[in-house]
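Keep the 3D view open as you read.

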Amino acid sequence: MRVAFAGQVPKDPAYPDDIEDAMAFATEAGRAAISDGASESYDSRSWAQLLVRRFIADTRVDLRWLDEAIAAYRSQRDFTGLPWSHQDAFDRGSFASLLGIEYLPREQQVRVCCVGDSLAVLINRVGCRRHTFQYLLAELFGRRPQLFSTHPARNTRLAGPGFFDSHTESWPIPRPEPWVVLCMTDAMGEWALRHDECGRPVWSELLAVDDQPGLDALVAEARQSRDMRVDDVTLVRLSFDD
Amino acid sequence: MPYQAEISRSHPTAFLFVVDQSLSMQSIMSNGISKAQQVADVVNRTLFTLITRCTKAEGTRDYFEVGVLGYGGSEVRNGLQGKLAGAVLHPISRVEASPLRVDERMKKMDDGAGGLIEQSIKFPIWFDPQSEGVTPMCQAMYRAADELADWCDAHPGSYPPTVLHVTDGESTDGNPEQLAERLCQLETEDGAVLMLTLHLSTAGNDPLRFPAAESGLPDEYSKMLFRMSSPLPDRLMAIAQEEGFQVEKGSKGFIFNADVVEIVQFFDIGTRASELR
C-alpha cells in the first residue's frame, strides 16, 4: 500500500491553521486513518489527531481502545487549572469521526473501520466504484452521525451489541488489478456521492487530483457554486498496485 | 433559502436579548423566585453556554456578537454593565473576558470511570435582575432596531440577528407592533432579523408553545406579541421538535405562559441558529 495523494483544505481560508481534520499513515504496516474533528467542540483537533495516531498503533477499535484514548486525552489537561469558560467547554466534550484502513496483503483484503460520517470508496483503475462505506447514499450525510466523544456519557450508543462489528467491513482486492481506496471527510463525501448518483464521473475526477493545488481548485470551485458544504476537507488516495 | 449561512469568525451572527424590567417582573414564579431573577439566571446561563460553544483550547472564537437591552420605568438601558457598558453589542470573547463577577457553584460531573463526582465550578454573572416602573416596550423596539440596523449594514453576508424578547406586561408607551415589524424588516443577504418572544403572562391560562395561529391566545395583548414574532426557520423548527415541542408549518417563535423549564428551552432553541464553522 502506498499513499498516492493526501491533501487538506481548511474550512475558513482566513484561518488555515485551524483545520480540525487529522490524518496519519504507516504504509509499511499497511495502515492509514483520517478523522474529522467536529467544529463545535472544545479541542476536536487534538482529539482527531489522537484517534488517528492510536489507530495506526492499534487497529482493534473497540470500547477498551476508546477508553484508553479518552484517558490519554484527559491526561493532557488539568481540569481544575482551566479558566471557567474552558472548564465548561472541556466538560461538554470533543467529538471526532474515525475512518481507519488496514491492508491485509495475505488475505488480499482491505479492512475498513468507520465511525462517523467520513467515507471510504473502493474503485478500480477506470474509476468504477465497487464499494463505499459507511454511507451508500448522499442523503445519509444529513443525519447526525455517531462520533467518538471525549465525554464517556456521549458514547453510550457505542456500547450497544455489535456496534464495532457493524462499523467494520472487509473488501477483497484481488490481484493483479490496481485498486484504489479514496478516503474523505464528510463535506467531500456528500458532494461525491451526490454527483455519483447523478451519473457524473466524480471518482475519475478525484483520481485525477494528484497535488494540493488541484484539490484546492476543486474544493474552491464547488464551494463557490454552493455545491459543497463549507467544512474542512481531507482527501487521501491509497494505491494497492505494487 | 434564507437562514442557511454558516456562522464563522469572518461571518458572525448576533443575539440581542430584550428584557422587560418593569415592576410586574417582581411577581413570583412556581419555583419561588421572581420572574426577573429567573430571567436573569437564564440570560446569564445562556451567555455562558454561548461562550462555551465558542471556546476552543486556544481561546474563545468570535462566532457571535451579543447584547442585552433592559426596559423598565422611563428608560431602555444597556443590560451589560462594567467593562461592557460602553456599547450594546459585543464580540463574545469580550463578554467572556468581562463578567461583573464570578460565583462558585457545585456541579455533578462524570469522573471518566463511570461514576460522578461533585466539583466546584465557576458561574459568571453579567446581567443582574431589576424591576421598576412601567413598560416602555416601544422605546425598546426602537432601540433594538437602531442597534441592529448598523449591525446588518456591517455584516451583509452573515446569518441575520436574533432578538429574544421576554416580557410579562403590556406596553405603556404605545403600540409596539409597527416598530417590531420595522425591526423584522432589517436584513442581511441571508434573511430578515428574527424576533422570538417569551410572554410570561400574569393571566392563568394554559401555556401555548410555538403556535401557528393567534386564535388560541386569550387576549389582544398576547395576540399582538404573537404577531410581532417571526415564523421559525426550518432549523429552529427541527430543534424545537427535538426538544419535544409540537410545531407545524407557520409556527412562530412565541411561547405564552412558559414554565421555568420552558424558559430555559426557549433561550436554548433561540440561540442555536446555524452551524458554526
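**Chain B as a whole**

Of the 277 residues of chain B, 49% count as buried. The model is predicted. How many helices and strands does chain B have? It has seven helices and 14 strands.

Next, the dimensions. The C-alpha trace of chain B spans about 55 × 45 × 40 Å along its principal axes. A compact globule of 277 residues would have a radius of gyration near 19 Å, and chain B, at 18 Å, agrees with that. Take the contacts in chain B between residues at least 6 apart in sequence: 75% of them join residues at least 24 apart.

**Two sheets in chain A**

Now turn to chain A. One open sheet has five strands, in the order β1-β12-β11-β7-β8. Its pairing is antiparallel. The edge strands are β1, residues 2-9, and β8, residues 129-133 of chain A; each pairs on one side only. From one strand to the next, the twist averages 15 degrees.

Look inside this sheet at β11 (residues 179-184) and β12 (residues 233-240) of chain A. They pair in the antiparallel sense over six bridges. Met184(A) stands opposite Leu235(A) in β12(A). Helix α7 of chain A, residues 212-224, lies across β1 and β12 of chain A. The helix runs at about 45 degrees to β1(A).

A further open sheet of five strands in chain A has the order β2-β3-β5-β6-β10. Here too the pairing is antiparallel. Why is one side of β2 and of β10 left without a neighbour in the sheet? β2 (21-26) and β10 (168-172) of chain A stand at the edges, and each has a single partner strand, so one side of each has no neighbour there. The twist averages 15 degrees from one strand to the next.

For β10(A), the partner is β6 of chain A, residues 109-115, and the two pair in the antiparallel sense over five bridges. Within that pairing, Thr168(A) in β10(A) is the bridge partner of Cys113(A).

**Where the chains meet**

Finally, the contact between the chains. It takes 24 residues from chain A and 22 residues from chain B. Which elements of chain A give two or more residues to the side that touches chain B? They are α2 (63-75) and α3 (84-92) of chain A. The largest share of that side, eight residues, comes from α3(A). By class, the side of chain A that touches chain B has nine nonpolar, six polar and nine charged residues.

Key
Residues are numbered from 1 along each chain as its sequence is written. Chains are lettered from A and ligands numbered from 1 in the order in which they are written. This is a predicted model: local features need pLDDT of at least 70, side-chain atom pairs count only at pLDDT 80 or more; totals for chains, interfaces and linings use all residues. Two strands pair if DSSP finds at least two bridges between them. Helices (H or I, at least four residues) and strands (E, at least two) are DSSP runs, numbered from the N terminus. Axes are lines fitted to C-alpha atoms, for helices over the stretch in contact, and angles run from 0 to 180 degrees between N-to-C directions. Two residues are in contact if their C-beta atoms, placed from the backbone, lie within 7 Å. Ala, Val, Leu, Ile, Met, Phe, Trp, Tyr, Cys and Pro count as nonpolar, Asp, Glu, Lys and Arg as charged, and the others, Gly among them, as polar. The radius of gyration is taken over C-alpha atoms; the globule rule is 2.2 Å times the number of residues to the power 0.38. A residue is buried if 20 or more other C-beta atoms lie within 10 Å of its own, exposed if 12 or fewer, and partly exposed in between; C-beta atoms are placed from the backbone.
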